[in-house]
Amino acid sequence: MMALQSMTPAAMARGGAAAVAAPGWSRAGRLLLVCPLAIGLGLGAAGCASFALMAAGLGATTRGAVEAIILAATAVVGTALAVRREARAVDIERPATAAMLVWAAVGAGVWASINYVQVARGVPHGGWDAWMTWNMRARFLHRAAADTWTDAFTPLLPWTHPDYPPLLPTLVARGWAYVGHESFVVPIAVGGIFALAALGVVSGGLGRLRGSCQASLAALVLLSVPFFLRHAAAQYADVPLAFFIAAALVLATLDACAARSGGRLMVLAGVAAGLAAWTKNEGAVVLAALLGARVVLAERWDWERCGRPALAFVVGAMPFLALLAYFKLQIAPPNEVLAAQVSKPRELWYYSSGDMAGQLRELLGRVLNVERQLAVARSVKKEVLEFGFNGLFGAAALLGTYLICLGAHVPRAQRRPVAIAALTLGFTLAGYWVALVTAPGDLPRMLNSSVDRLLLQLWPAAVFLFFLVAAPPDEAAATGKGATHEA
Amino acid sequence: MSGAVSGSVAARGELPWRTLVGLGAVAAAAILSLLQTTHGGPRSAGAGLSDPVSVTEARLAPLRSILPPRAVVGYVSDAASADGREEFRRYLLAQYVLAPVIVIDSTEPELVIGDFTSAGSSPEVHGLQPVWGGGTGVVLLARPTR
């Protein structure tokens, strides 16, 4: 019961608020970070709890009652904690430039929200992958009887990727259960909430670490990629995954900047990374990358600087990884990519353990194949240059221009945390690269349909990292020319 | 730390030209992107759902009350395209509409969904006999008993 209690949305909100609040942090800044974290992590944890209760055999009505009782109990405790914390917040005076950027970001956010609703109404069932995979599975979970919901993961429908983690379908099915019918507003709302939460967590984290100018600019840059909004409206799982990746990175960076790391922030980072793995298979790559980067770049390889943060991270991720392991071992069929590594393309569900050496040779052969490496490199280069194209220029050109104009500046105290964040993204890209190079089947077709979405998953986290490195406009103005300088 | 410095600089309204160029690029990118989404995205047709998925759902949905709540049924259609994409799309849509019934792309099961949109299509060609018709080209087919 205590474990379930800590996984409810309200408990997540209180945990998040308590972990990130700090003296000298403005009320608005704290809310900008705490609210999206609470909503996003809360939704994720609630989805996991719902799946766990479903796997335990509880019907929809019973599940709803259990969640309502837990939410009511924790809401009372959480509100009391929030009121007490609120008294410690201070008002921070904002200079004119920052105020102007804040209003620009708010205006862009409102405009983007209106756009989102308009685009989403045109595709009420979402894009191809949404109705083929995520919403289709949500219909199985919502419509099936209490003892036949596992039909949603039948190996008879391999093209629906039944091994994919079921967070998004569970959330949509749960939403339909609450509203009483299969309203298309539910998946549209889920997509919009995660898109806004990604915006909020990146802005909030930058506001805490680098000030409101960077927070506002990050929001504007995030919204400068049309693909971000359209893909969220298409109800794919890439935008929710992008939120969890960004949240994990922001929380881990905040923890690394704290006087004593390895506390609640790192636990929450583990929660976010665990939920990333529960959203799509790529989330597991991010989880490993974040843990690896933190260990590799630890100040000292001792308990305080290395062991404690790693343990906190694992503790946060463990409940979701345990549930994921149960799902993969007991419910889902084998992953089609792994199963198809054998040279028997017609028998996707046959995985021979008797020819392990041959399979490893085949994998190694793909890694060492220069043509495949070049094909992936060309595709990644093309997508990076075209990413976020708005009719005149793309995101790479925008960020390059900004960096040239304002320069880079990382405060001395933040250099190690920023390096950890950069290495995390580097490890993640390397993991994605290996997955692309070793993928069986039609490589050009896979590259055409996947690379842009893989980049989108990392986009909010990349924007967070960029504005940790780029000099804020007020600092650039103070130096007079925006050149790199020491703090 | 930077607040005191930025307060004095911003109060004078002086930002270097490079800073203004950088900020201007960000503002331009955001505005262009939002304009592109405002004018370039798919539009709702107003009252009623007229997107292709909703149209297919309206055609196939009556089958849900005919089929057993849990079953594996086949699927056949008269779709034809050079790359097979249209046939695959219509089959996937049928599965989406009819979940939690499992629809496989085959005529082997006892019950088969027939999805015909052209007048010349004849389900008897597949050795199957219609047992229910929706009047929109959607039929439920069965193997004749021997």
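Me: How many salt bridges are there between chain A and chain B?
Reply: This is a predicted model, and two salt bridges are counted between chain A and chain B. One pair is B:Glu57 with A:Arg139, whose closest N and O atoms lie 2.7 Å apart. Over all chains the count comes to 19.

Me: Which residue forms a salt bridge with A:Arg143?
Reply: The partner is A:Glu182, and the closest N and O atoms of the two are 2.7 Å apart. This pair links distant parts of the chain, 39 residues apart. A:Arg143 belongs to helix H6 (residues 128-143) of chain A, while A:Glu182 sits in the loop between helix H7 (167-179) and helix H8 (185-210).

Me: What area do chain A and chain B bury between them?
Reply: They bury about 5,000 Å², with 71% of it on carbon and sulfur atoms. On the side of chain A, the residues A:Trp128, A:Trp131 and A:Arg143 supply 13% of the area buried against chain B, more than any other three residues. The contact involves 59 residues of chain A and 54 residues of chain B.

Me: What describes two packed helices?
Reply: The angle between their axes and the distance between the axes. Take a pair across the two chains: helix H9 (residues 212-223) of chain A and helix H2 (residues 17-40) of chain B have axes that come within 8 Å and cross at roughly 40°. H9(A) and H2(B) are therefore oblique to each other, and their crossing is left-handed.

Me: Which residues of H9(A) and H2(B) meet?
Reply: From H9(A) come A:Leu217, A:Leu220, A:Val221 and A:Leu223; from H2(B) come B:Leu23, B:Val26, B:Ala30 and B:Ser33. By class, seven of the residues in this contact are nonpolar, one is polar and none is charged.

Me: At what angle do H5 and H9 of chain A pack?
Reply: Helix H5 (residues 96-122) of chain A packs with H9(A) at about 30°, the axes being 8 Å apart. Angles under 35 degrees count as roughly parallel, so H5(A) is roughly parallel to H9(A). The crossing of H5(A) and H9(A) is left-handed.

Me: Which residues does H5(A) bring to its contact with H9(A)?
Reply: Among them are A:Leu101, A:Val102, A:Ala105 and A:Gly109, and the residues they meet in H9(A) include A:Cys213, A:Ser216, A:Leu217 and A:Leu220. The contact of H5(A) with H9(A) has 12 nonpolar, three polar and no charged residues.

Conventions: Residues numbered from 1 in each chain as written. Chains lettered and ligands numbered in written order. Predicted model: local features only at pLDDT ≥ 70, side-chain atom pairs only at ≥ 80, totals over all residues. Heavy atoms only, no water. Axes fitted to C-alpha atoms, helices over the stretch in contact; angles between N-to-C directions. Helix = DSSP H or I, 4+ residues; strand = E, 2+ residues; numbered from the N terminus. Parallel < 35°, antiparallel > 145°, perpendicular 65-115°, else oblique. Left-handed = near helix turned anticlockwise from the far one by under 90°. Contact = heavy atoms within 4.5 Å. Nonpolar A, V, L, I, M, F, W, Y, C, P; charged D, E, K, R; others polar. Buried area = accessible area lost by both parts, 1.4 Å probe. Salt bridge = Lys/Arg side-chain N within 4 Å of Asp/Glu carboxyl O.
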